[in-house]
Amino acid sequence: MKKLLTTALLVVFILGMLNAQQSKEELSAAAANPLADLMSFPFQNNLNMNYGEHNRNVNVLNIQPVIPLFNGKFITRTIMPIVRIPDFGNESGKLTSGLSDMVLTGFYVPESKGLMWGFGPVIELPTGGSVRGNEKWSAGPSLVVLAQPGDWTLGGLVNNAWSFAGNSDRQDVNHMLVNLFAVCQLGGGWYVNSSPIITADWTAEGDDRWIVPIGAGGGKMMMLGGKLPLNLQSQLYYNVVRPDFGPKWQWRVQAQFLLPTSMFKKDKSIE
């Protein structure tokens with residue numbers, strides 16, 4: 001896994017050195033837009049804190065490349081979660097670590113003015129096995145809507161997935177995810193943002209069904225080595241609604257490498 005991460009970072013860095021110049025402000029606004037015609041390689045670490053009587057923590061590193069296709073008319077996002085799950089019954093110790101269930105999403109982006117939107121399928125792959133995953137194949141619809149008035153980016157993403165195949169001895173999957181986001185550009189590549197991820201497990205009952213966080217953070221767009229756009233951010237959330245056995249806090253840290261697709265297009269001015 002370390003070799004894979006090192007190779008991915010090296011490829012991104014070399015490609016970034018070829019990148020056409022764009023201002024930090026333009027790149028920061030594009031990074032806030034999940035439907036931008038922009039290749040993005042986020043490494044998002046989520047530390048979910050205070051599970052159970054021993055206040056144990058679950059760490060999830062999401063490697064989630066975003067690749068636009070067909071001149072930005074179709075956006076793909078792959079989430080590869082690397083998890084570290086503790087032994088909740090003890091004050092210390094690890095239960096398991098490794099790849100959890102992967103999530104693939106594709107958005108068709110129609111031409112629009114003002115309000116941007118995209119829709120498509122979400123598919124969950126049972127790559128986490130019996131300990132780190134559901135052992136179920138799941139799929140459903142996904143929708144994202146956003147607007148960028150002035151220095152703001154406002155919008156949300158919602159999907160719901162149902163299991164359709166997999167281990168018949170495991171519980172069926174039926175869950176929803178709502179990712180709201182609000183970003184305000186402050187200038188010089190700096191911004192403040194809030195992007196809580198609300199989830200609902202429709203197979204659970206009562207208060208065990210929902211996780212609803214509140215919180216915010218901020219970040220900055222910078223140019224690594226003067227060439228490679230790198231977006232760094234950190235956010236902290238408190239789960240005001242959560243299951244009886246669920247995390248109280250989440251600390252999110254993200255490093256996002258950006259590669260505008262324009263860098264691969266032929267410059268007709270030099271012909």
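Strand β3 (residues 66-69) runs antiparallel to β4, and four bridges join the two. In this predicted model, local features need pLDDT of at least 70 and side-chain atom pairs count only at pLDDT 80 or more, while totals for chains, interfaces and linings use all residues. Residues are numbered from 1 along each chain as its sequence is written, and side-chain values use heavy atoms, with hydrogens and water left out.

**The β3-β4 hairpin**
- Ile67 sits opposite Thr76 in β4.
- β3 and β4 make a hairpin with four residues between them, and Phe70 in that turn shows a positive phi of about 55°.
- Strands here are DSSP runs (E, at least two residues), numbered from the N terminus, and two of them pair if DSSP finds at least two bridges between them.

**Other partners of β4**
- β2 (residues 56-63) is tied to β4 (residues 74-86) by five bridges, antiparallel; Val60 has Val83 as its bridge partner.
- β6 (residues 102-108) runs antiparallel to β4 with six bridges, and Arg77 is partnered by Thr105.

**The whole chain**
- The chain has three helices and 15 strands; helices are DSSP runs of H or I, at least four residues.
- Of the 271 residues, 41% are buried (under 20% relative accessible area, 1.4 Å probe, protein chains only).
- Taking contacts (heavy atoms within 4.5 Å) between residues at least 6 apart in sequence, 56% join residues at least 24 apart.

Methods: Buried means under 20% relative accessible area, exposed over 50%, partly exposed in between (1.4 Å probe, protein chains only).
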